[in-house]
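Please read these comments with the model open beside you.

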Amino acid sequence: MSTTTPTPNVTLYTYFRSSCSARLRIALAYKGIPYNPVHINLLKNEQSSETNTSINPSATVPTLIIEDNQQPESEKIIITQSLSALEYLNEAFPTHGPPLLPPPSNPLARCTVRTLANIIACDTQPVTNLRILKLVAPYGADRTSWSKELIEDGLAAYEKIAARSAGRFSVGDEISIADVCLIPAVWGAERVGVDLGSFPTIRRVVDALEGEECVRRGHWRGQGDTPEELRW
C-alpha cells in the first residue's frame, strides 16, 4: 500500500518579479506539488487591496494556502512568509519530491542552509524590495545604486560561507532552501548590474541551478503574469 501523502489543493499568491514568490514557485516545482497561482500586481499596489490583506496582513506576497482534499471542511492552512512556507513544505510533504533540508542527522548542514537562506531573506532582500525603494526615493537615493551596493554586500557574505559548504549546490550536492532563496536574488542582482564574477562559488552554484527544471519553471520570465515583452 502506498504511503505517499495525498497531494493537497495549493494556491499561491504571487507576482512574477517577486523574489520571495519565486522561492516558493521553485520549491513547489522541485517537490512536484501543483498549485493554482493568484497574480498580485505589486506595481498596481494590489498587495494592499482588501482581497490580499484579508489573508496576508503584511500586505505582501507570497501567500501559500493549502487545503486538504480529503477533508474539504477542514480549516485552510495560510502561510504568509516564504521561509516558513518552505519549512512547512519540507516537513508536511516528505514523500513529495526531494527534501529541502539535509537530514536531521546532519545538524551542521541544516544550520548552514538556514544561515545562507537568512542572509538573503533577512539581510539582503528586505532592504532592496519595492516598499523600501519607494521610501528612500524622496531622499534622493538612486534605486539602482542603492540596490546594487546592498545586494553585493549580501552576496559577499553568502560567498564566504558557501565557499566552505558548497558542492554542486550551496550546501553539498542537493538543492536546499538556501538555493531556492539564492537564485531569485541573483536574478535581481543581475537586473541592477551586479557582476557575479566577484563571487565564484555563487556563480558556479547558479550555473548548476539554471540547468534544473524546477528553476526554469519558477523563473520570472515564464509566469502567467509576466508581460509579453519580458517573456522568453
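1. Basis. This is a predicted model, in which local features need pLDDT of at least 70 and side-chain atom pairs count only at pLDDT 80 or more, while totals for chains, interfaces and linings use all residues. Residues are numbered from 1 along each chain as its sequence is written, and side-chain values use heavy atoms, with hydrogens and water left out.

2. Core. The largest nonpolar core contains 62 residues. Such a core is a set of buried Ala, Val, Leu, Ile, Met, Phe, Trp, Tyr and Cys residues joined through side-chain atoms within 4.5 Å. Buried stands for under 20% relative accessible area, exposed for over 50%, and partly exposed for what lies in between (1.4 Å probe, protein chains only). L64, L89, L155, Y158 and I202 have the most contacts inside this core. Helix 7 (residues 177-191) gives the most to this core, with 10 residues. Helices (H or I, at least four residues) and strands (E, at least two) are DSSP runs, numbered from the N terminus.

3. Y158. Leaving aside residues up to four places away in sequence, Y158 touches L116, I119, I120, S170, A178, D179, L182 and I202. Contact here means heavy atoms within 4.5 Å.

4. Helix 8. In helix 8 (residues 200-209), the buried residues are T201, I202, V205, V206, A208 and L209. These residues lie on the same side of helix 8, because they cover an arc of only 160° around the axis. The arc is taken from the directions from the helix axis to the C-beta atoms. Their cover includes helix 6 (143-165), helix 7 and helix 9 (213-218).

5. Salt bridges. The whole structure has 6 salt bridges, each a side-chain nitrogen of Lys or Arg within 4 Å of a carboxyl oxygen of Asp or Glu. One of them joins the side chains of E152 and K148 at 2.8 Å, N to O. Both residues belong to helix 6 and are 4 residues apart, about one turn of the helix. E152 is partly exposed at 26% relative accessibility, and K148 is partly exposed at 29%.

6. Two further pairs. R203 and D207 meet through their side chains in a salt bridge of 3.0 Å, N to O; they are 4 residues apart in helix 8, about one helical turn. R203 is partly exposed at 27%, as is D207 at 45%. E213 and R216 form a salt bridge with their closest N and O atoms 2.8 Å apart. These two are 3 residues apart in helix 9, which again is about one helical turn. Relative accessibility is 43% for E213 and 44% for R216.

7. An open sheet of 4 strands has the order 2-1-3-4, with mixed pairing. Which strands stand at the edges? Strand 2 (36-39) and strand 4 (77-79) do, each with a single partner strand, so one side of each has no neighbour in the sheet. Neighbouring strands are turned by 15° against each other on average, direction ignored.

8. Strands 3 and 4. Strand 3 (residues 63-67) and strand 4 run antiparallel and are joined by 3 bridges; two strands pair if DSSP finds at least two bridges between them. I66 stands opposite I77 in strand 4.

9. Helix 1. Helix 1 (residues 19-31) lies across strand 1 (9-14) and strand 3, at about 150° to strand 1. Axes are lines fitted to C-alpha atoms, for helices over the stretch in contact, with angles from 0 to 180 degrees between N-to-C directions.
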